Amino acid sequence: MISKPETCRIKDQRMQAFIDPDEIWSKLDNTKADPLRVREIIAKSLEKNRLSLEETACLINSTDPELTEEIKAGARELKEKVYGNRIVLFAPLYVGNKCINNCSYCGFRTSNKAAVRTTLSDEELISEVEALEDTGQKRLILVYGEHPEYSPEFIAHTVRVVYGVKKGRGEIRRVNINAAPLEISGFRTVKDAGIGTYQVFQETYHPEAYKQYHLGGIKRNYEYRLTALDRAQEAGVDDVGIGALFGLYDWRFEVMGLVRHTNHFEAVYNVGPHTISFPRIQLASSMQVDRNYAVSDQDFVKLVAILRLAVPYTGMILTARETAEVRREVLRFGVSQIDGGTKLELGSYHEKEKAAQQNLEKEQFFINDSRSLAEIIDELLGQGYMPSFCTSCYRAGRTGEHFMEFSVPGFIKRYCSPNAMLTLAEYLEDYADETLKQKGYLVIQKNILDLARFQKVDELNRRIERIRQGERDLYF
Ligand code: SAM
Ligand code: SF4
């Protein structure tokens, strides 16, 4: 047989459904969790290697409590060794909740007649972004339902509006997107507006389960959604975020699906996903999901640790869907980004008073952590983390930064840690009260001392001083 040239073979793999449920189940059913093997796999990951499906299945199948502790310890070690103590902060901003789809877990589903539908006008969008800038946010993810009104041109327009809002010393330096899958031309349009990451969650990787939850609209088409981020890659959007909505199907299958999706990107585009999200399903207006596949807190922590080990170079996002306690716990096992000061109700960021409770008819789902950004930062500092608003790689054209952080020796010490400190210093100067400011600078000083053991820190100290004197947006 004549073998096809490489480019042709790769082309063939694009836009193809790459999930084979039988293959995934057969790996889950036939892989034994022998303790020696589990330890070998953890060691492989600690050597910075991505795990295969079979290796991931082995970790999933190790139910022995001691082995589970070893998996968690491995994930913790990987996070500490490779990424250090930085946690990147962002906020979601819902732009429009009209939707033609009928996802049975979502408050925005088209059949939910109780839902209050809103699309922010430019003025409303500007006032929301100003309110977010007033709290110190620098990175947003814009969220949209799927609707003809939310065309690529509309999305691109809203991105440009957001970048244009400058209030006081505030500005948004990175806009990510969570919206419906687009055609290649549509992805090009939003790329031109300067987006960061484009996220599309597969929700469930199991094709039959997928059909049961997605009752109408374009999203009913499993394959169109599965290949969404291939089209993004074709359009040159190489910063893509994948995710599964945990609680729709067996969590073990979904973890395998996420790893398979990652392998697919690596094989075809030579770059893995920028981020992985693992939302757990929360209460929503008119939601119709039975709890058969609900993921316990214990399994949730384990699955995050397994994902960290399986895909060691990818950013992992944990959102305010989870309680403060769960976030505290899960943060230790490899999460690199969290949201803070989150509000889901459209147009509510500019409201000064915090609502006593959520109004689910105006929001997509219930959140369990509604603490302000300042409260979150305060807690992170208290736990020895370094809150970061860094956007430097994206703005300096260093795309694929998670991979570089991971694979380029010294990258984190040269760029990520100093930039985290510079952006935290800006936050402390512009938005923190005196107590938080003192606490923050103590953490910065301690981190500079740690860094000084490996490299010169004179320039970093100079830049921090320049920020204290009023300069902004200094980065390495
Ligand atoms: N409409 C776009 C789409 O479906 O791709 C944007 C995404 S939606 C506004 C953001 C994500 O929220 C969904 O992909 C889904 O994973 C998640 N989500 C929906 N309903 C949820 C619920 N009840 N609890 C937790 N997460 C939910
Ligand atoms: Fe619409 Fe997205 Fe909600 Fe589905 S998850 S109903 S597509 S907003």
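Author: A polar backbone atom of Gln282 lies 2.9 Å from a nitrogen atom of ligand 1. The model is predicted, so read each distance as computed from that prediction. For Arg225, an N or O atom of the side chain is 2.6 Å from an oxygen atom of the ligand. For Lys219, a polar side-chain atom is 2.8 Å from an oxygen atom of the ligand. Taken alone, ligand 1 exposes 560 Å², and the protein buries 96% of that.

Around ligand 1 there are 19 residues. Those that come nearest are Tyr105, Glu203, Lys219, Arg225 and Gln282. What is the largest cavity? It is the space taken by ligand 1.

Next, Asn112. This residue sits in the loop between strand E1, residues 86-96, and helix H6, residues 122-135. Is Asn112 buried or exposed? Its relative accessibility is 5%, so Asn112 counts as buried, the cut-off being under 20%. The side chain of Asn112 makes a polar contact with the side chain of Ser285, at 2.9 Å. Setting aside neighbours within four places in sequence, Asn112 is in contact with Gly107, Arg117, Ser285 and Ser286.

Another asparagine lies within a helix. Asn419 belongs to helix H18, which covers residues 411-431. The relative accessible area of Asn419 is 1%, so this residue is buried. Which residues does Asn419 touch, not counting those up to four places away in sequence? They are Cys390, Ser392, Arg398, Tyr475 and Phe476.

Now the loops. Gly341 is found between strand E10, residues 337-339, and helix H15, residues 373-382. Gly341 and Ser370 are 29 residues apart in sequence. In space, their C-alpha atoms are 6.1 Å apart. Gly341 touches Tyr349, Arg371, Ser372 and Leu373, not counting residues up to four places away in sequence.

Arg453 is in the loop between helix H19, residues 434-452, and helix H20, residues 458-468. The relative accessible area of Arg453 is 63%, and the cut-off for exposed is over 50%, so Arg453 is exposed.

Last, the backbone angles. Most residues other than glycine have a negative phi. Two residues here depart from that pattern. Phi of Lys48 is near 70°, a positive value in a residue other than glycine. Lys48 is found in the loop between helix H3, residues 35-46, and helix H4, residues 53-61. With a relative accessible area of 40%, Lys48 is partly exposed. Asp473 has a phi near 60°, again a positive value in a residue other than glycine. Asp473 is in the segment after H20. At 25% relative accessibility, Asp473 counts as partly exposed.

Definitions and conventions:
Residues numbered from 1 in each chain as written. Chains lettered and ligands numbered in written order. Predicted model: local features only at pLDDT ≥ 70, side-chain atom pairs only at ≥ 80, totals over all residues. Heavy atoms only, no water. Helix = DSSP H or I, 4+ residues; strand = E, 2+ residues; numbered from the N terminus. Buried < 20%, exposed > 50% of the residue type's maximum accessible area, 1.4 Å probe, protein only. Contact = heavy atoms within 4.5 Å. Near = heavy atom within 4 Å. Polar contact = N/O pair within 3.5 Å; in protein donor to acceptor, adjacent residues only side chain to side chain. Areas by Shrake-Rupley, 256 points an atom, 1.4 Å probe, with all protein chains shown as cover. 1 Å grid on protein atoms, 1.4 Å probe; cavity = no way out; pocket = protein on both sides within 12 Å on 5 of 7 lines; lining within 4 Å. Sits in = over half its atoms within 2 Å of the grid points.
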